[in-house]
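Colleague: I have a structure to read and would like a short walk through it. Can we take strands and surfaces in turn?

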Amino acid sequence: MSKKLSYKITFLLSLVIFMNSQAQIFFDNNAIGLGLNANATQGTNLGGVSFYDFDDDGWDDITIGSKGEQPVRVFKNFGGILLEISLGVSINGHSKQVLWVDYDNDGDNDLFVTRNDDSNLLLRNEGNFNFSDVTLQSGLLSTADLNSFGAAFGDIDNDGYLDLFLSNKDNSVTKPNKLFRNNGNGTFTDISIAAGISQLGHASFCASFFDYNNDGYQDIYVSNDRINNTNILYKNNGNNTFTDVSSISGAGIAANAMSTTIDDFNYDGYLDIYITNTAEGNYLLKNNGDETFINVASSTGTEFNSLGWGANFFDADNDTDLDLYVSSMVDDDTSSLLTAAFYECNSNYSYQLANSYGFENDTFESFSNAIGDIDNNGFVDFVVANAQPDNHSLWQNAGNSNNWLKVKLSGNQSNKNGIGSWIEVAVDNDVMYRYTLCGESFLGQNSASEIFGLANASNIDYVKVTWLSGIEDIFYNVAPNQTLLIQEGQSLSTTTFNEQIISMFPNPSKGTFTINNLSTVVKMRIADYNGRVILTQEVGPSNNEIDLSNLAPGSYLVHLDGSNSRKIIKKLILN
């Protein structure tokens, strides 16, 4: 029996299940019907894809990198239908990653593009969707081509401005990766050497910022091509330097690694890493919670054993757990290798290959993919970049009767995009986690809205956001089937316990400071950035002077817990 016939039989059997299940899964490649008329113009060495609402109108748009002299292509979402538009700025060349990011925190999204054959580009959004090339004045214009593939933005020092990591890949393995610190004034400084980033070439495809040890600082994971270029995990030391912990953590795998897919697949509160590979098998690095990882791809059924590229975790049927989709550059459905894979998550966080839920014709040669919600129905759709002559795919989710919640963030003390935030949603005493990134999988960018499947739950116990600033927002008894727009500090504002009026003076302090404008007694906890509690006491209008002269200089977090679960967290600097 041929592989294609087997898929068709399996598809018909699954269709029966589909028709009799409340939590069915069905996807349709509706790219042309939705207006995504785009394919690769040359060869197979494709650029990345972004499924991101770049104009903040509430609808996820699509942006695609291109090869050769073809421009970056931008498709705006008009109520569920895509129309190609122009940014008024030409972006030609071999573009790879395309990332929308508010690098200057002015409230609109700018565009960063890596190019493998020319300098990278930073296009600043001047407002009203008018763009100007600020690559030179920003400090990001290199005098030599960096051969950049991937880009990722994160905040290494929690100062509220997004920093940039570039993954550079050339055949001679001479181009080192770069880390640029955002100076907060529209410019960047290359701090690669001072920060401890390797000055060797590693043939790096891409990287992601994430907090692997939950210490409040963003670390960096780098995916490197060829087995002699092991992947790298850089641990953030909290002082703008990093330590290579690849070996001791178990994350320094040797593979033909393409992607860095970051998610908490088993909802234990620690971020895991999925890395695609050739037929030797993909890796699912489970975070043990003690700064080490173990590969569980075999035991979870996610090895893939094909030619993997992009991958994303998402809840396809909104049944609360995270499923997995993997792209492959295999396009021959008679081969023993997989042309793509959709893995459905079982109750024990193992995975079952299920290419029948509309994916029986998913036989394209594919690379980057990204997730979003094209029609705002609360179910995850995804776009896939295919090699020529095939059109790119846009897999539209049919949905089902399950409930959902979309969460989108806007930072104040933290970066405007809320990158590096933990989102925690509890339903029926079970907790789900998401972590926000900018630059993920293989040259991808996912939607800024995180989608949580809720199964049949009619009420959400709580939604909690932990920002890079240390501030925590908590909302109780949230209704499902809505988009929750959360501004940093939003849940903390009341007339009697208000972050806007409560202040600490002096800050920075030499040891003694006063908490001003408290109208009632509250519980205070002071902790360092590793989470260790230094001091706990009650403070109020009359006992509001705190002496910390016995502590070492550094940065601390002052937690003030008021009534009705209201919380304020402020940063204190001791000189």
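Colleague: In which sense do S30 and strand S34 pair, and over how many bridges?

Modeller: This is a predicted model: local features need pLDDT of at least 70, side-chain atom pairs count only at pLDDT 80 or more, and totals for chains, interfaces and linings use all residues. Residues are numbered from 1 along each chain as its sequence is written, and side-chain values use heavy atoms, leaving out hydrogens and water. Strands are DSSP runs of E, at least two residues, numbered from the N terminus. Two strands pair if DSSP finds at least two bridges between them. S30 and S34 (residues 460-466) pair in the antiparallel sense over 5 bridges. Trp422 stands opposite Thr466 in S34.

Colleague: What does S30 form with S31?

Modeller: A hairpin, with 2 residues between the strands. S30 pairs with S31 (residues 430-435) in the antiparallel sense over 6 bridges. Ile423 has Arg434 in S31 as its bridge partner. In the turn, Asp428 has a positive phi of about 55°.

Colleague: How many residues of S30 are buried?

Modeller: Buried means under 20% relative accessible area, exposed over 50%, partly exposed in between (1.4 Å probe, protein chains only). In S30 (residues 422-427), 6 of 6 residues are buried. Both faces are covered. Trp422, Glu424 and Ala426 lie on one side; Ile423, Val425 and Val427 lie on the other.

Colleague: And Ile81: where is it found?

Modeller: Ile81 is found in strand S5 (residues 81-85). Ile81 is partly exposed, with a relative accessible area of 39%.

Notes:
Helix = DSSP H or I, 4+ residues; strand = E, 2+ residues; numbered from the N terminus.
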